[in-house]
Amino acid sequence: MTLSQFKAFCLQFKGVTEEYPFDETTLAFKVGGKIFALADTAQFSSLNLKCDPEKALELRARTESVRGGYHMNKKHWNTIDVVGELDDTELKFWISHAYDLVFKGLPKKRQAEILESQP
């Protein structure tokens, strides 16, 4: 997966914004103001993705390309190598999982606003 493919995939979800909240190279994708995915645009080699804690542990045990989230709460975040054991289909699955997890954690009113705001 390339950086442009990553960006395009993340932006296809409803209500997603892209921001640089930490520095000029750390790209964050948010829904409802909450981050679900991060990547370094200067050195695009891995993704930080929000993950269900149980699934995060299972994924880490299954592949060496996944480890606890770099500079993140390792219970809720994984760092996944872009080039590794997971193919683009699996990367997209985990990006979708991250988005869904954050979206479902938003207040119902906010979820409805996001769903109604875009065609």
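Start by selecting D52 and E54: at the start of α2, a side-chain oxygen of D52 comes to within 3.1 Å of the backbone nitrogen of E54. Bear in mind while you look that this is a predicted model.

**Helix α2.** Now select residues 53-62, which make up α2, and color A56, L59 and R60, the buried ones. Look down the helix axis: the buried residues fall within an arc of 100°, so they line one face of α2. Turn to the other side of α2 and you'll find E54, L57, E58 and A61, which are exposed.

What do the buried residues of α2 pack against? Show β5 (66-68), β6 (77-81) and α3 (88-105), and you have the partners.

**A stop on α3.** Next, pick H97, which sits in helix α3. Is H97 buried or exposed? Its relative accessible area is 12%, and the cut-off for buried is under 20%, so H97 counts as buried. Show what surrounds H97: setting aside neighbours within four places in sequence, it is in contact with K50, C51, D52 and K55.

Switch to cartoon view and follow the strands. They form an open sheet of 6 strands in the order β1-β2-β3-β4-β6-β5, with antiparallel pairing. At the edges are β1 (16-19) and β5, each of which pairs on one side only. From one strand to the next, the twist averages 20°.

Zoom in on β1 and its partner β2 (residues 26-31): the two run antiparallel and are joined by 4 bridges. For a handy landmark here, select E19, which stands opposite A28 in β2.

**The core.** Finally, hide the cartoon and go for the largest nonpolar core, which has 31 residues. Which residues have the most contacts inside it? Select F6, F36, L47 and I95. The elements giving two or more residues to this core are α1 (3-11), β2, β3 (34-40), β4 (46-50), α2 and α3. The largest share, 7 residues, comes from α3.

End the tour on L47. Leaving aside its neighbours within four places in sequence, L47 is in contact with F6, L38, A39, N78, T79, I80, V82, L91 and I95. Two names in that list, F6 and I95, are also among the residues with the most contacts inside the core.

Methods
Residues numbered from 1 in each chain as written. Predicted model: local features only at pLDDT ≥ 70, side-chain atom pairs only at ≥ 80, totals over all residues. Heavy atoms only, no water. Buried < 20%, exposed > 50% of the residue type's maximum accessible area, 1.4 Å probe, protein only. Arc of directions from axis to C-beta. Contact = heavy atoms within 4.5 Å. Polar contact = N/O pair within 3.5 Å; in protein donor to acceptor, adjacent residues only side chain to side chain. Pairing = 2+ DSSP bridges. Axes fitted to C-alpha atoms, helices over the stretch in contact; angles between N-to-C directions. Core = buried A, V, L, I, M, F, W, Y, C linked by side-chain atoms within 4.5 Å.
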